[in-house]
Amino acid sequence: MFRAFDWQDLIPLAKGAWLTIQLCAMSGILGSIFGLILGIARTSPSRIARWISTIYISCVRGIPILVIIFFIFFGIPLLFPGLELDKFTSAVIALTCFAGAYVAEIVRGSIEAVPRGQSEAADALGLNYWAKLRYVVMPQARKIMVPPGVGFIIGLVKDSSLVTVTGLVELTHAGNIVTNLTGDPIMTFLTVAAMYFVICYSISLLGRLYEKRTGIHVDPLKLPEPASV
């Protein structure tokens, strides 16, 4: 028997929102680290590093995120019978793998956007590749990569709703549970949408603070188009 939506229904939705924040924070941080490594490998002088990173990025960007989630959640236990992953860990791994490929392209594009003259000047000073990357290229590339990175993180928050297929009670799944109890999907998912907006808008505010600090325009509500591999 259904009942009216009331303030008590905000409690499971708030718990789902908190789980979504934790999920996106962990996968965003790990994905950014992984993507940074892949992006540097993509532009490194090592042909093997470029080859490996290019194959990974191309494969992941060519597969829907839902398929990645299904593979991690259902496939890993089948491939490795002794390895049991809980729903949250599986979701973090799936989103990290997905985020790493796209962050890598943001990093690659930002590194290549640094004027070539800067690298040539570093070469003239006798800096090796890693010193040039650390002291000359990355400080300039960082300012370029953060704005589209903010947009991607916002997109990741919204894409995280797909992990509901695994049964993880994040914000979207919590909305489904409350809807089944109240029979009021309109009010429930208006509340869910408002919570997603608050999360994404908070991230956009951080982007605005970065914009004011550096003078670079940030359009955090627009997900950047993936760069071609």
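Why are Arg-108 and Glu-112 separated by about one helical turn? Select both: they are four residues apart in helix H4, so about one helical turn lies between them. Helices here are DSSP runs (H or I, at least four residues; strands are E, at least two), numbered from the N terminus.

This is a predicted model, in which local features need pLDDT of at least 70 and side-chain atom pairs count only at pLDDT 80 or more, while totals for chains, interfaces and linings use all residues. Residues are numbered from 1 along each chain as its sequence is written, and side-chain values use heavy atoms, with hydrogens and water left out.

Stay on the pair. The side chains of Arg-108 and Glu-112 form a salt bridge at 2.7 Å, N to O. The term means a side-chain nitrogen of Lys or Arg within 4 Å of a carboxyl oxygen of Asp or Glu. Glu-112 is exposed, at 52% relative accessible area, whereas Arg-108 is buried, at 11%. Buried is under 20% relative accessible area, exposed over 50%, and partly exposed in between (1.4 Å probe, protein chains only).

Next, select Glu-105. Its salt bridge with Arg-108 has its closest N and O atoms 3.1 Å apart. Glu-105 is buried, with a relative accessible area of 4%.

Finally, show Arg-42, Glu-105, Arg-108 and Glu-112 together: salt bridges link them in a network. The structure holds three salt bridges.
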